[in-house]
Amino acid sequence: MVQRQAIETRQRRQSYDFIDVYPSTSVPIYRLQFNPKDKTPKYKQIVQSIITDIGRGVLRKGEQLPSISELSIEYYLARDTVEKAYRELRERGYITSVQGKGYYVQANDALKLKILLVFNKLSSYKKIIYYAFLKALGDRANVDLQIHHYSAQHFQEIIEQSLGKYNYYVIMPHFTQDLDKANYMDVLGSIPANQLVLLDKDVPELPGNFLSVHQNFDKDIREALETAQDLLTKYNRMVLVLPSDGNYPVEIARGFRSFCINANKDFAIKENAVNEHLQAGTAYVVVEETDLSELVKKVRQTNFQLGREIGMISFNDTTLKELLDITVVSTNFEAMGYTTASLLLDNKHIKVKNPFYMIRRGSL
């Protein structure tokens with residue numbers, strides 16, 4: 001009877017993803033984040049759980065940790081597994097051991113968080129996000145930056161090599177390459193939800209309670225154009241210049257098309273502006289600056305005037321566009337970096353839509 005009860009108790013405990021450790025009364029209760037079903041090596045789960053909780057202030061300097069025996073018994077682990085985890089934590093300066101007494105938190109309460117930031121590419125706008133993110137974090141974190149270049153396979157390699165080494169993984173999930181070689185959804189799912197942060201683009205089909213600060217590309221462009229209905233009434237035709245090889249979100253075209261249909265305007269979506277023949281009464285929405293330059297040059301070679309016969313809207317503001325009096329639509333890149341860092345430091349697991357706006361100028 002006793003043996004059967006012990007087996008049933010063990011089975012019930014193994015059915016939970018996270019298990020409480022109840023050590024002796026001399027050691028405070030510590031909730032170790034440990035998932036027996038996770039493919040991450042068990043010793044790494046122990047290491048990451050303790051590092052994360054030190055960084056968040058759950059474990060404070062001088063607090064005693066459960067003993068090797070207590071963790072082994074409660075989680076049905078080999079002593080070697082727990083010893084390996086504690087040895088790594090000690091070598092990295094997070095804990096210390098006292099002969100005959102046990103293991104204690106060594107790191108300070110204000111130990112810096114370790115954050116992996118993975119961008120899809122580098123650009124002037126990504127730099128704005130990056131520096132705003134760093135500024136908001138201040139001296140509370142160390143940030144490593146990597147670029148996946150839209151490659152699902154490269155992204156998988158980055159995460160596999162870094163999983164368990166960081167407190168947070170801040171990811172821009174824009175992928176268009178190697179989709180047949182790697183499932184980026186599985187890779188995102190391998191990151192614990194409480195450590196995952198999606199930046200710039202949300203992935204609503206991804207399960208879990210994770211932090212997301214994102215754009216809604218479809219809704220953003222549609223609503224921005226709707227706010228300019230009074231300026232767009234003089235244009236009966238609209239053209240979106242969106243290169244297919246630029247790895248831009250397809251939702252941009254979807255939102256543009258939706259606006260034009262609802263506004264009863266003729267429209268077209270083109271790869272570039274090189275062979276574009278200007279027609280009076282046309283408003284252009286341009287993503288790349290090379291196409292913007294091409295169109296402005298074409299306008300100047302005609303008798304058309306920007307803001308009258310030809311309209312122009314460009315993505316993302318620059319000093320040059322301000323000087324040329326070009327209307328722009330853009331997300332607030334600085335707000336995206338700042339908001340992400342602030343919510344991360346507050347340990348918030350919510351979804352936030354980043355502000356998107358239009359700056360009206362003479363080109364429309």
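Two aromatic rings, from Phe, Tyr or Trp, count as a pair if their centres lie within 6.5 Å. Keep that in mind, everyone, as we go through this chain. And a reminder before we start: this is a predicted model.

Let's begin with the whole chain. It has 13 helices and 16 strands. The radius of gyration is 27 Å, well over the 21 Å that the globule rule gives for 364 residues, so the chain is more spread out than a compact globule. You can also see that in the box filled by the C-alpha atoms, roughly 90 × 45 × 30 Å along the principal axes.

How much of the chain is buried? Buried residues make up 48% of the 364.

Now the contacts. Take those between residues at least 6 apart in sequence: 69% of them join residues at least 24 apart. On charge, there are 46 positive and 43 negative side chains, and the centres of these two sets lie 3 Å apart.

Back to the aromatics, then. How many aromatic pairs does the structure hold? There are 7. Let me show you two of them.

One is Phe-155 with Phe-175. Their ring centres are 4.9 Å apart and their planes meet at 45°; planes under 30 degrees apart would count as stacked and those over 60 as edge-to-face, so this pair is tilted. Phe-155 sits in helix α6, residues 152-162, while Phe-175 is in the loop between β7 (168-171) and α7 (184-189), so the pair ties together parts that are 20 residues apart in sequence. Are these two residues buried or exposed? Phe-155 is buried, at 0% relative accessible area, and Phe-175 also counts as buried, at 10%.

The other is Phe-256 with Phe-267. Here the ring centres are 6.2 Å apart and the planes are at 85°, so the pair is edge-to-face. Phe-256 belongs to helix α10, residues 251-262, and Phe-267 to strand β11, residues 266-270, so this contact ties together parts 11 residues apart in sequence. Phe-256 counts as buried, with 1% relative accessibility, whereas Phe-267 is partly exposed, at 33%.

One last thing to find on your screens.

How values were computed. Residues numbered from 1 in each chain as written. Predicted model: local features only at pLDDT ≥ 70, side-chain atom pairs only at ≥ 80, totals over all residues. Heavy atoms only, no water. Helix = DSSP H or I, 4+ residues; strand = E, 2+ residues; numbered from the N terminus. Rg over C-alpha atoms; globule rule 2.2 N^0.38 Å. Buried < 20%, exposed > 50% of the residue type's maximum accessible area, 1.4 Å probe, protein only. Contact = heavy atoms within 4.5 Å. Lys, Arg positive; Asp, Glu negative; His and termini not counted. Charge placed at Lys NZ, Arg CZ, Asp CG, Glu CD. Phe/Tyr/Trp six-rings, centres within 6.5 Å; stacked < 30°, edge-to-face > 60°.
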